Amino acid sequence: MKRYEPNLDIGLTSEQVQDRINNNLINYDTSAPTKSIKQILFENFFTLFNFLNLIFAIAIFSVGSYKNMTFLLIVSLNTAISTIQEIHSKRVVDKLSIMASNKAKVIRNGKKEEIDINNLVLDDLIEFSTGNQVMTDSIIKQGTVLVNESCITGEPDSITKKCGDMILSGSYIISGKCIAKVEHIGNDNYTAQISSGAKLIKKTKSEIMHSLNKIIKFLTFAIVPIGIALFCSQLNLEGATYHDAVIKTVAALIGMIPEGLILLTSTVLAVSVTRLSRSKVLVQDLYCIETLARVDTLCLDKTGTLTEGTMEVKDYISNEENKKEMENILSNISKFSEDENSTIMAIKDKFCNITTEFIPNKKVAFSSETKWSGINFKDVGTYIIGAPEFVLKENFKQYKEQIENYSKDYRVLILAHSTSDFGRNNNLPENIKLIGYVLILDKIRKEASTTIKYFNRQGVTVKIISGDNPITVSKIAKRVGIKNSEKYFDMSTLDDDTKLKDIALNYCIFGRVSPTQKKELIKALQENGKTVAMTGDGVNDVLALKESDCSIAMANGSDATKNISKLVLLDSNFASMPKIVSEGRRTINNIQRSASLFLVKTIYSSLLAIMFLFMHEKYPFIPIQLSLISVVTIGIPSFMLALEPNKERIKGNFLKNVISKALPTGLLAVISIILITILKKYNIISEESFSSLCVKSTGTCGLLLLLTFIPTRKSEDTKMPISIYRLALTIAMVALFTTGLTIFKGFFNI
């Protein structure tokens, strides 16, 4: 295979690119953001429960009782609705994924252009800068960068990469700038070979999924032996026929299966994805909607979240009363600095009048670990700009009072000088002398205050984790209404990690936080029993985002943050957060309520199946009767309730909440059927009316559970003590059930 060595100023030519395309040497995405349509169809149709239902239908068909096969129609409709909704959701997510997809800045035909990462070809020249995620294994041809490979290796340490070094796909640039040549594409990339990819694959933390899997596991082990034993029991009853035994056994077993519950869950989650897409929110992990609904602590990165992510220099003060000289130094720094963070961009906007141009020898890019950047100029020395504490170190106390005074209103950077060059490993030079202060102001987002008020009302604790001065951050927090904003902590002073758990819980504002400390703060909050969401937009937020229960990235943030986050705000608008939380709460509360309806039938059917093994009585239902009960007490209500608005905070364990609602009703249905069976045994009721009374009593128990859903807690959205929507739904189901018992009593064997 022919390899190209393109000129760094020209890159590949159009002919060379076309040659690569013709030979299929083009990059392509090795990870699928969503399931394929084929996968969705397979997973929805070829399930254990669908397989069992098909066997039951064949058994009913074999004895000629065709109307008792109506349960198969309900199962088919459930499956079809879920499949259609999931395919629609997939298409929405795929479109949004294209909008949020990363671009590569390449050099071709002597020009720089942005292309989709899947259009990269072998030997392309890519320009990488701070915040970029490396999309293909590439060899650096020019420049030096600081790289984080934690997405691949799990190690948070930064690695310096220079000319000739390989930068691996999945890593991201912490600081610096370079031009690199594409070395591998597609499946040849390192991350593709280890089946990792640029995105961190983290085990989904879903209580709903875990609970549903428990139910499925139990039923999988129970249904076959119970079915065989019950069939034998029903067949051995006096006067029983094979026809009756099959119908009664199938009725018991289809009652045990919560056939629509899993489908309803995936449908409701898919609807949520579609709804959120209308608010320009890309959901990259379906079950993160559930996690966000349970969040009680929200950690924000100040820049890009509470603030617009842009800054402006309000003033600059020379320590030696020579502002002209200071302006010239800052103008030289702005011209030659390769950093592209918001601080440097603000300096570049302000300082562009060079009176004496310097000649740069060596540059050290800004790093969130060191919190400074610098340039060594020929015959002039080294100039550093950064956070006062980190640049001045032991000399900081000398200027502390003055700096804290400026920090009341501004973010303070210092400009310092040394006659020495940078130390080993690009450390600060010796004999640093303060030149002056640069006072910068963050622009606060208009919607920040309203959004913070929402979280305060919802009982969600808001904490800010920032690399900036804690005093400055505290002032901004106070302006947007964050509670306890006066409780701030300077993480650069932390000398004992054992105190971190208490510090994380007792303070709301954290300043001078390193990327590793951000991650440790998230872990400390989780160890305190908190469910933590984290928002961020910069590479310094990546470790914390990965650690959080629900990670949220801004679309205008770095590639790395978008790739590892579960949610991406495509309009980079923090005001979308209340909508996301509300949607999560609506979804989980409604799934929880609907699940209790499904489990009522599973509970009473399972208990009755076991009891009728030993009672030597005919099972009270036939499949067509259970279909009527299911439609009016589960099918229609669960679907309608799942779409209802609901902003109540999620409380307790999902499985316990569901069973605590379903168990009393399920037991009530069992007790009523036992009483009816006893009355029949003593000839108080007739054999003919036995099954009909069991249908009426079981259906009534299900409707009673539906009645308990009518009251609703008073909220800011409604002053009404009851829900008219739920009341109307209950009345409609009572009417439908009554119609089935009267007008269509012959069809349902009543």
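This is a predicted model: local features need pLDDT of at least 70, side-chain atom pairs count only at pLDDT 80 or more; totals for chains, interfaces and linings use all residues.
Figure 1. The side chain of K518 meets that of D301 in a salt bridge, with an N to O distance of 3.3 Å. D301 lies in the loop between β9 (297–300) and α11 (302–306), whereas K518 belongs to helix α19 (residues 515–527), so this pair ties together parts that are 217 residues apart in sequence. D301 is buried as well, at a relative accessible area of 4%. A salt bridge also links K518 to D541, where the closest N and O atoms are 2.6 Å apart. Because D541 sits in the loop between β19 (532–536) and α20 (542–547) and K518 in helix α19, the pair ties together parts that are 23 residues apart in sequence. Both D541 and K518 are buried.

**Figure 2. The salt bridge between Asp123 and Arg3.** Side chains of opposite charge can pair when their charged atoms come close. Here the side chains of D123 and R3 form a salt bridge, at 2.8 Å from N to O. D123 is in the loop between β2 (111–116) and β3 (125–129), and R3 is in the segment before α1 (14–22), so the contact ties together parts that are 120 residues apart in sequence. R3, at 33% relative accessibility, counts as partly exposed. The model contains 26 salt bridges by the rule applied. Salt bridges that share partners join R3, E5, R20, D123, K141, K181 and E183 into one network.

**Figure 3. The packing of helices α23 and α25.** Two packed helices are described by the angle between their axes and the distance between the axes. Helix α23 (residues 623–642) packs against helix α25 (residues 687–708) at an angle of about 10°, and their axes are 9 Å apart. Helix α23 is therefore roughly parallel to α25. On the side of α23, the contact is made by Q625, I629, V632, T633, P637 and L641. Helix α25 contributes S691, V695, T698, G699, G702, L703 and L706. By class, this contact has seven nonpolar and six polar residues, with no charged residues.

**Figure 4. An open sheet of eight strands.** The strands of this open sheet follow the order β8-β21-β20-β19-β9-β16-β18-β17, and their pairing is mixed. Strands β8 (281–283) and β17 (488–490) stand at the edges, each with a single partner strand, so one side of each is left without a neighbour in the sheet. From one strand to the next, the twist averages 20°. V283 stands opposite L567 of β21.

**Figure 5. Ile58 in helix α3.** I58 is placed in helix α3 (residues 48–62). I58 is exposed because its relative accessible area of 52% is over the 50% cut-off. Along the chain, I58 and M69 are eleven residues apart, and their C-alpha atoms are separated by 8.8 Å.

Note on methods
Residues are numbered from 1 along each chain as its sequence is written. Side-chain values use heavy atoms; hydrogens and water are left out. Helices (H or I, at least four residues) and strands (E, at least two) are DSSP runs, numbered from the N terminus. Buried means under 20% relative accessible area, exposed over 50%, partly exposed in between (1.4 Å probe, protein chains only). A salt bridge is a side-chain nitrogen of Lys or Arg within 4 Å of a carboxyl oxygen of Asp or Glu. Axes are lines fitted to C-alpha atoms, for helices over the stretch in contact, and angles run from 0 to 180 degrees between N-to-C directions. Angles under 35 degrees count as roughly parallel, over 145 as roughly antiparallel, 65 to 115 as roughly perpendicular and the rest as oblique. Contact means heavy atoms within 4.5 Å. Ala, Val, Leu, Ile, Met, Phe, Trp, Tyr, Cys and Pro count as nonpolar, Asp, Glu, Lys and Arg as charged, and the others, Gly among them, as polar. Two strands pair if DSSP finds at least two bridges between them.
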